[in-house]
Amino acid sequence: MLEETGLEYRVTDYDLVKGEHLRPEFLAINPVGRVPAIVDHAAGQPDVVVCGTAAILQYLAEKTGLLLPADLAGRARVYQWLGIVSSDVGPAFSGQFVFNIIAPEKQPWAMAFYDKLCLRMLGALESQLGRSRHLAGDDYTIADIIAYPVAAVSMKRFPGTLDGHPHIARWATEVGARPAVQRGMKIPR
Ligand SMILES: N[C@@H](CCC(=O)N[C@@H](CS)C(=O)NCC(=O)O)C(=O)O
């Protein structure tokens with residue numbers, strides 16, 4: 001989003017394995033200690049602090065007047081997909097990762113539960129992208145920005161390919177060709 005808007009920014013890396021995100025300095029920025037978060041030093045005094053992908057995208061879209069429809073119904077469609085990706089698709093993939101990759105003991109029931117949940121979430125994205133060029137309609141918006149890493153990162157791990165989801169694949173190719181997306185996906189370097 002920062003690349004799309006052309007806003008100036010500086011990246012601060014947090015090593016999650018070392019627990020750097022649980023230090024008091026970061027908990028003051030995000031009380032639940034999760035990345036991403038931003039501090040907008042150009043907002044006037046005091047700085048504006050925003051944490052959580054959906055809230056950050058909405059804040060930056062409102063700040064710049066970019067990538068969010070002007071009409072209320074169009075914005076509602078964007079908010080709906082921001083919510084679905086952050087509170088339904090994201091947690092499904094988190095659970096899938098926890099039970100398939102980092103759980104010390106494999107629990108087949110939990111693994112099957114999260115595999116099925118991920119596929120259900122991908123089915124919803126696939127159907128929607130079969131109906132419209134972008135996630136919230138014809139135009140590219142912050143809904144596409146929040147969803148793109150699902151195709152570019154999460155689906156590469158599970159299900160391992162985009163082959164079973166041709167509409168997601170078509171859309172991911174188009175979004176992934178945007179120069180700003182290509183620059184953004186390299187961050188942190
Ligand atoms: N709803 C959050 C989820 C963010 C999230 O899960 N962040 C992970 C990394 S991708 C994190 O910071 N995990 C560290 C932890 O929970 O200790 C968002 O999208 O902003």
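Colleague: Which helices are included in what covers the buried residues of helix 7?

Modeller: This is a predicted model, in which local features need pLDDT of at least 70 and side-chain atom pairs count only at pLDDT 80 or more, while totals for chains, interfaces and linings use all residues. Residues are numbered from 1 along each chain as its sequence is written, and side-chain values use heavy atoms, with hydrogens and water left out. Helices (DSSP runs of H or I, at least four residues) and strands (runs of E, at least two) are numbered from the N terminus. Judged by contact (heavy atoms within 4.5 Å), the cover over the buried residues of helix 7 includes helix 5 (108-131), helix 6 and helix 8 (179-184).

Colleague: Why can the buried residues of helix 7 be said to line one face of the helix?

Modeller: Buried means under 20% relative accessible area, exposed over 50%, and partly exposed in between (1.4 Å probe, protein chains only). In helix 7, which spans residues 166-176, the buried residues are I168, W171, A172, V175 and G176. Taking the directions from the helix axis to the C-beta atoms, the buried residues line one face because, seen down the axis of helix 7, they fall within an arc of 125 degrees.

Colleague: Is S154 buried or exposed, and which residues does S154 touch?

Modeller: S154 belongs to helix 6, residues 142-157, and its relative accessible area of 19% makes S154 buried. Not counting residues up to four places away in sequence, S154 touches F93 and P149.

Colleague: With which side chain does the side chain of E3 make a polar contact?

Modeller: E3 sits in helix 1, residues 2-5, and is buried, with a relative accessible area of 19%. Once its neighbours within four places in sequence are left aside, E3 is in contact with Y9, A180, R183 and G184. A polar contact is a pair of N or O atoms within 3.5 Å; within protein, one must be able to donate a hydrogen and the other to accept it, and residues adjacent in sequence count only if both atoms are side-chain atoms. The side chain of E3 makes such a contact, at 2.6 Å, with the side chain of Y9.

Colleague: Which residues surround the ligand?

Modeller: A residue is near a molecule or strand if one of its heavy atoms lies within 4 Å of it. By class, the shell around the ligand has three nonpolar, three polar and one charged residues. The residues that surround the ligand are L16, H21, R34, V35, P36, G52 and T53.

Colleague: How far is a polar side-chain atom of T53 from an oxygen atom of the ligand?

Modeller: An oxygen atom of the ligand is 2.8 Å from an N or O atom in the side chain of R34, and a nitrogen atom of the ligand is 3.0 Å from a polar backbone atom of V35. For T53, the distance from a polar side-chain atom to an oxygen atom of the ligand is 2.7 Å.

Colleague: Which residue does a cis peptide bond join to V35?

Modeller: The bond has an omega of about 10 degrees, and the residue in question lies in the loop between helix 2 (24-27) and strand 1 (37-40). The residue joined to V35 is P36.

Colleague: And which residue does a cis peptide bond join to F158?

Modeller: Here too omega is about 10 degrees, and the place of the residue is in the loop between helix 6 and helix 7. The residue joined to F158 is P159.

Key:
Nonpolar A, V, L, I, M, F, W, Y, C, P; charged D, E, K, R; others polar.
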